[in-house]
Amino acid sequence: QESKILKIWVYFNSKDIKLNNKNKFIDNNNGEELSFNHLKNLIGLSDRAIERRSKRTPSSSPSHNNYIFETDIPVSNININDILQCSNQNITIDVNKKSNWLNSISIKLTNNYNDIDFSDYLKVINCIESKSYVSKIDLVSKINNNNPIIQIDKTVNEQVNNLNFLLNSKLLKTQPDQFDSQNEDSESKFNSKFYGRSYDSIKLSNIDKLHQMGLDGSGVKILIIDSGYHKDHPSLQHLKVVKEFGFYNLSDISADDKNNHGTATLSVIGGYLPGSHIGPAYNASYYLSKMDLTEGLAFFDSIPEGIEVAEREGIDLITCSMGFGQIDGEYLYYNEDEYFITKIADTLVSKGVVFVSSAGNTGETGMYSPAYSEHVITVGSVSLDGSATEWSSNGPNANGIVKPDIMALGVNISIVWNNTFALAMGTSFSAPLVAGGIALLLQAHPTWTPQQIHEAILSTGSMVNSPNSIHGYGVFDAYKALNFKPISEETTLSCSSNKECSDENGICCNGKCVCAPAYYGTYCQYKRIECGDQC
């Protein structure tokens, strides 16, 4: 039955509402200027999202004053309805997904009979392609998750995991806020006894120092993109889960093993069981998105719509530990300027959202999407001594941009697995560690833009003076990043002189730094890797 369905992206070159040269949104059909409240309701933009945009979008943006962007405007319903008219008695057209940011829809062409050939599909495709408002069409490709957990050490269960004892302990019965207030000396409280088996991962990145300052992720909203989630484990019962939804198929979270990976990443960033397991952002609020990977495969159109919905809900941070590798037998496009997940990441950053991704576990083979994207904070894995694990994916990206960006512990990580504790290894877990630390930075610096967060992390990494394609900028140091002074302390990310563009690395042109070929970044502050064929 599935073989009778063909999925296609249809990209449009216009919308029903446009931004005129006076920075006003106009209805194309009647020329009427649309009010802020009308647009807000039309888009479904929450007050929380507007608040975040007001704090973390560049003042140089055309939409900075009202925090509504052209990318927010919905896909044209007029165009969609017209596309549906291309169906015929043999082929039915259904709209599958919509992406305002990409100004596109994915549609399903379904064969209603068993004896028609591809020419029937082609007639429908030609009809769609002939529309003046259609800029291009493309197949919706399947994705294959290529970021597995390398090893799970379940022997830890017999060694240190005694849930019957923990269930009766005072520590377990204490909620995060209660536990924090019951201890007079915060510095002595956040020690190895408190963190349990999470201590090494927390300590290596100095996250414990932020906990000592009272930072725990409160008020920060985090979207996790993964396979599914069990939330009944004692270390996860405290979680503030705002919403659960699926990018692919919205369904009840089942109890099968495919949800273990998502449960594990959730426990790494937000778990809370004093004396056994602690995540960096245990008091944050969470949006849990399930990517339904049937036999390891899903369709790429399942990604943009869900991210856009979560952004409109007001999230601050996305963490994704799923790397997507081959598409229908072909390797991913590595032209990052054209690849759609790069456009999604760029749009997220422009709206004030930080995107964190695991680098992958393929070593010298390289990375998969979304880890290659410039504006994604890509996290690799190190051992306790700070050296990269041999399987942590190497960069750089196709444009010579340093990847991974930063590193964190990726071995012997305490996780929840099969409703109990285990030790695991993989960049799937170093990424949520860094994301949790970033949540604490956002709590402390609520006006820092994603660019400033990125800058603070790279500028305080353990290898800031000698970044490379294996270690990036070195091990993440949350405490140093917290105390870093970004190039601009304000939310303004525009230049007024060439000096602001990292001196000789670029020049200021119309309020934006234009970088020399060997440099990149908002202020041209980062040097590309000269990598030749490796890129």
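Predicted model: local features only at pLDDT ≥ 70, side-chain atom pairs only at ≥ 80, totals over all residues.
Q: Why is the pair Cys86 and Cys127 called a disulfide?
A: The cut-off is a pair of cysteine sulfur atoms within 2.5 Å. The sulfur atoms of Cys86 and Cys127 are 2.1 Å apart, so the pair counts as a disulfide.

Q: What makes that disulfide of Cys86 and Cys127 left-handed?
A: It's the torsion about the S-S bond: the value is about -70°, so the link is left-handed.

Q: Which parts of the chain does the pair Cys86 and Cys127 tie together?
A: Cys86 sits in the loop between helix H3 (77-84) and strand E4 (91-99), while Cys127 belongs to helix H4 (residues 118-129), so the tie joins parts that are 41 residues apart in sequence.

Q: Why is Cys86 called buried, and why is Cys127 called partly exposed?
A: Buried means under 20% relative accessible area, and exposed means over 50%. Cys86 has 6%, so buried it is. Cys127 has 26%, which falls in between, so the label is partly exposed.

Q: How do you know that Cys501 and Cys513 form a disulfide?
A: Their sulfur atoms are 2.1 Å apart, and the limit is 2.5 Å, so the pair qualifies. The S-S torsion is about -85°, so this disulfide is left-handed too. Cys501 comes from the loop between helix H18 (478-482) and strand E21 (506-509), and Cys513 from strand E22 (residues 512-515), 12 residues apart.

Q: What makes Cys501 and Cys513 count as buried or exposed?
A: Cys501 has 0% relative accessibility, so with the cut-off at under 20% it's buried. Cys513 has 9%, so it's buried as well.

Q: What joins Cys515 to Cys524?
A: A disulfide, with an S to S distance of 2.2 Å. The angle about the S-S bond is -90°, and the link is left-handed. Cys515 is partly exposed at 26%, whereas Cys524 is buried at 0%.

Q: Why is Cys509 in no disulfide?
A: The nearest cysteine sulfur, that of Cys508, is 7.5 Å away.

Q: Which residues lie nearest the centre of the largest cavity?
A: Glu374, His375, Gln451, His454 and Tyr526, out of 19 lining residues. Helix H17 (450-459) and strand E16 (354-358) each give two or more residues to that lining, with H17 supplying the largest share, five. The space inside is about 180 Å³.

Notes
Residues numbered from 1 in each chain as written. Heavy atoms only, no water. 1 Å grid on protein atoms, 1.4 Å probe; cavity = no way out; pocket = protein on both sides within 12 Å on 5 of 7 lines; lining within 4 Å. Points joined across faces, edges and corners; volume = space filled by probe spheres on them. Helix = DSSP H or I, 4+ residues; strand = E, 2+ residues; numbered from the N terminus. Buried < 20%, exposed > 50% of the residue type's maximum accessible area, 1.4 Å probe, protein only.
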